[in-house]
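Colleague: Before we start, could you walk me through how to read the features of a model such as this one?

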Amino acid sequence: NKDKPRRVSTKPVAPKVVEEEVLLSEAELEGNVYITLKETATIWLLDLPAKCVGADAAEAHEVEAANARYKQVLHDREGSEMFVCNGAQTLDPLHKNKEV
């Protein structure tokens, strides 16, 4: 059975606590070890949907109407008396304690 490759399980195995050191014999150290690598499923950490729609897509008319409404909101906002083009600082600065 030396010529047969060993099978390695791809199932996750709970870690085992080894309390004693395992010593391998010279024959075991010299023997071949066969490892089969397999591709796993892809894991997406970040999924951003596309923001572009083709002109021939089914929802193209809806997107064009939404873009037109947004352009109108931007245009109306600049003509408004309440519009002020200033940056906003939302972080309150930390106060330092003074020793007297």
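Modeller: Let us begin with secondary structure, where helices (H or I, at least four residues) and strands (E, at least two) are DSSP runs numbered from the N terminus; the protein has two helices and zero strands. This is a predicted model, in which local features need pLDDT of at least 70 and side-chain atom pairs count only at pLDDT 80 or more, while totals for chains, interfaces and linings use all residues. Residues are numbered from 1 along each chain as its sequence is written, and side-chain values use heavy atoms, with hydrogens and water left out.

Colleague: What share of the 100 residues do buried residues make up?

Modeller: Buried means under 20% relative accessible area, exposed over 50%, and partly exposed in between, with a 1.4 Å probe and protein chains only; buried residues make up 1% of the 100 residues in the protein.

Colleague: Does A60 count as buried or exposed, and why?

Modeller: A60 counts as buried because its relative accessibility is 6%. A60 lies in helix α2, which spans residues 60–79, and touches V53, G54 and A55 when residues up to four places away in sequence are not counted, a contact being heavy atoms within 4.5 Å.

Colleague: Where is L46 found?

Modeller: L46 is found in the loop between α1 (26–30) and α2, and it counts as exposed because its relative accessibility is 62%.
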